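Thank you for making the time this morning. I would like to take you through a few local features, one after another, and then stop for discussion.

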Amino acid sequence: VRDPGGPGGRDGQGSLAADMLSYALNRPEGQFDISALRGFFVHRRVLVTGAAGSIGKALCLHLAHLGCSHLAMLDQFDHGLLEVVEAVEKIAPSLSTSEVLCDIRDAARLEAWMARIEPDIVIHAAALKHVHLGERHPVECVLTNLVGVRNAAVAAANAGASQFVLISSDKAAAPTCVMGATKRLAELYLAGFAIERSNAMCAKSVRFGNVFGSQGSVLPRFSAQIQAGGPLEITHPDMERFFMSSEEAVGLILSVAAREIASGAYYMEMGDAVSIVEIGRKLIEKSGKDVEIVFTGLRPGEKLSEQLIDEYEQVTPSGLPNVHRVTSLAPDAYLTSADVAHLEVLA
């Protein structure tokens, strides 16, 4: 299942996107058993937060094809929410759906919506994801990426959900930016949540690399700069990142949600990190234009290379092919509800 307007679509840029995706992955694209997922989701009520974002929309379209019993799409961005609802209705007109215009920071409204929808599974994709913006607005990052996760997890558990899946980031490993730190704290909160409410809900995280072709990723940004005649702006010549396709991202999320596996953070094998400069050069070469590359310097919070785990964590098998489970080495490495409430007051 592919979003026709996404990185694998046929909108005139599909061939270029497919070529660049193959280069960025630099490995065989990961495969997930969609037929097995259909058997799991067909009888489940699913709520996706951040449904108007790139990953949120892709998730909703996949879930529509899988035939879940009810699909609730939640976002605070009204125009984007309408777009994803209309896209789902086109491919699955008989599917039972709900549109939820709600801010995850509003705990009372979120609680009311969850109680009304009664989801079996909540996939929490809503987040502030831009590193340099998070550095300039740290309070907003804390309120969305940590307090918002607390609000969603509590509301989901109170509504009777059995599974909660947080979309995290490779930037949560050895974080050097506010965005990465809030994602790590959110993971640690879910670990604390599992202790505080052990029988309420299975809460898991999925760590991503960069999803190629998603909002804010290098493909649309570089393509726009090349189309404008340049220059192609790259922060540092040694910058490299892990990449995954939208299909891999969605398959990983849904597979983790569908498996009866323990709480923790999960990540998939993504091969070697890929040079951002080389991606830029490949795009320039394929454009046939003479475009200059300029290096603008690392911005606050940025690292030259990302990692999927750090020295304070351990890796164990997940039961899924090429997917690993990450947990903290220290048994007391978790956040309590009181810890999050304290940070909320300080923010």
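Let me start with Glu 86, which counts as partly exposed because its relative accessibility is 45%, a value between the 20% below which a residue is called buried and the 50% above which it is called exposed. Please keep in mind that what you see is a predicted model. Glu 86 sits in helix H4, and together with Glu 83, Glu 89 and Glu 99 it forms a negative surface patch. Helix H4, which covers residues 78-91, supplies the largest share of that patch, namely 3 residues.

With a relative accessible area of 2%, Gly 56 is buried, and, if we set aside the neighbours within four places in sequence, Gly 56 is in contact with Val 48, Gly 50 and Ala 51. How far apart in space are Gly 56 and His 70, C-alpha to C-alpha? The distance is 16 Å, for a separation of 14 residues in sequence.

My last stop is strand E6, residues 202-206, where we find Ser 205. Ser 205 counts as buried, because its relative accessibility is 2%, which falls under the 20% cut-off for that class. Which residues does Ser 205 touch, once those up to four places away in sequence are not counted? They are Leu 166, Ser 168, Glu 187 and Leu 190, together with Gly 264, Ala 265 and Tyr 266.

I will stop here and take questions.

How values were computed
Residues are numbered from 1 along each chain as its sequence is written. This is a predicted model: local features need pLDDT of at least 70, side-chain atom pairs count only at pLDDT 80 or more; totals for chains, interfaces and linings use all residues. Side-chain values use heavy atoms; hydrogens and water are left out. Patches are made of residues with over 30% relative accessible area and no salt bridge: like charges are joined within 9 Å, nonpolar side chains (Val, Leu, Ile, Met, Phe, Trp, Tyr) within 5 Å. Accessible areas come from the Shrake-Rupley method with a 1.4 Å probe; for residues, only the protein chains shown count as cover. A salt bridge is a side-chain nitrogen of Lys or Arg within 4 Å of a carboxyl oxygen of Asp or Glu. Lys and Arg count as positive and Asp and Glu as negative; His and the chain ends are not counted. The place of a charge is taken as NZ of Lys, CZ of Arg, CG of Asp or CD of Glu. Helices (H or I, at least four residues) and strands (E, at least two) are DSSP runs, numbered from the N terminus. Buried means under 20% relative accessible area, exposed over 50%, partly exposed in between (1.4 Å probe, protein chains only). Contact means heavy atoms within 4.5 Å.
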